[in-house]
Amino acid sequence: VRVLGRPEAALASFVVDGVHAHDVATILDRSGVAVRSGHHCAQPLHEFFGVPASVRASLGLYSNADDISALVAGLHRTREVFA
Amino acid sequence: MSDALRDLYQQVIVKASRDTSRRGTLAQPTHTATVDNPMCGDVVMVQLAVDGPTIRDARYQAQGCALSLASASLLVERIVGSYLSDLRTLDEVFREVLAGVPGDPIPEELGDLAAFAGVREFRSRRACATLPFDAVLSALRTLG
């Protein structure tokens with residue numbers, strides 16, 4: 001997993017090497033984690049980072065440690081699917 | 001892993017998404033088209049060498065998710081050597097299956113493309129699977 005840029009707010013855009021952002025997002029979705037995937041209306045920035053698309057996870061006031069654990073578990077599941 | 005995810009990312013799909021045997025370009029294509037989905041950034045370029053009623057050879061280049069890459073790979077593999085009329089039937093059947101709901105019967109003629117039946121559970125991903133079909137049909141509309 002590679003985080004793009006330096007997150008300074010309660011959100012992070014990232015890519016999973018070898019797995020497209022939409023595939024990551026679908027697996028996270030089924031893991032109970034809603035993320036946005038794609039260009040996020042920022043194609044030039046994605047060109048700058050040299051990636052076709054990214055996944056963006058963000059926190060709200062209601063987010064807790066279980067939500068983070070679900071995200072991590074979903075990313076492990078992604079690696080399993082595309083092992 | 002949920003059954004729906006297992007159905008969506010079957011081994012045949014993950015494997016086909018990494019298969020490079022039909023990727024590339026033809027020396028003398030008769031039909032070429034590139035289509036993209038600006039909503040997600042997937043791009044598929046298809047080249048066909050059509051000889052009378054038959055697709056003699058085909059290649060593709062693609063950038064996108066596992067579903068669009070696998071669909072391009074399996075579709076191009078499938079149509080080489082097939083009749084143009086069979087391609088149009090295949091396109092109709094494929095889209096009909098994807099528009100259905102889980103549990104609907106899957107026609108045998110889909111062959112390996114039947115692996116995409118899992119997409120029925122994921123409406124937002126249907127366009128990924130049909131993009132390569134759009135590319136092939138678009139190529140056939142170009143002048144040979």
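View 1. The model is predicted; local features need pLDDT of at least 70, side-chain atom pairs count only at pLDDT 80 or more, and totals for chains, interfaces and linings use all residues. Side-chain values use heavy atoms, with hydrogens and water left out, while residues are numbered from 1 along each chain as its sequence is written, and chains are lettered from A and ligands numbered from 1 in the order in which they are written. Strand β1 (residues 31–37) of chain B pairs with β2(B) in the antiparallel sense over seven bridges. Strands (E, at least two residues) and helices (H or I, at least four) are DSSP runs numbered from the N terminus, and two strands pair if DSSP finds at least two bridges between them. A33(B) has V46(B) as its bridge partner in β2(B).

**View 2. β2(B) and strand β3 (residues 54–63) of chain B run antiparallel and are joined by nine bridges.** The bridge partner of Q47(B) in β3(B) is R59(B). Two residues lie between the strands of this hairpin, where G52(B) takes a positive phi near 65 degrees.

**View 3. Strand β2 (residues 42–51) of chain B is largely enclosed by the rest of the structure, because eight of its ten residues are buried.** Buried means under 20% relative accessible area (1.4 Å probe, protein chains only).

**View 4. Twelve residues of chain A are in contact with 20 residues of chain B.** Contact means heavy atoms within 4.5 Å. The area buried between the two chains is about 1,400 Å², and carbon and sulfur atoms give 59% of it. This is the accessible area (1.4 Å probe) that two parts lose on being put together, summed over both. R30(A), V81(A) and F82(A) supply 37% of the area that chain A buries against chain B, more than any other three residues.

**View 5. A salt bridge joins the side chains of R30(A) and E121(B) (3.8 Å, N to O).** The rule (a side-chain nitrogen of Lys or Arg within 4 Å of a carboxyl oxygen of Asp or Glu) finds two salt bridges across the interface of chain A and chain B. On the side of chain A that touches chain B, the elements giving two or more residues are α1 (21–29) and α3 (65–81) of chain A. α1(A) gives the most, with four residues.

How values were computed. Buried < 20%, exposed > 50% of the residue type's maximum accessible area, 1.4 Å probe, protein only.
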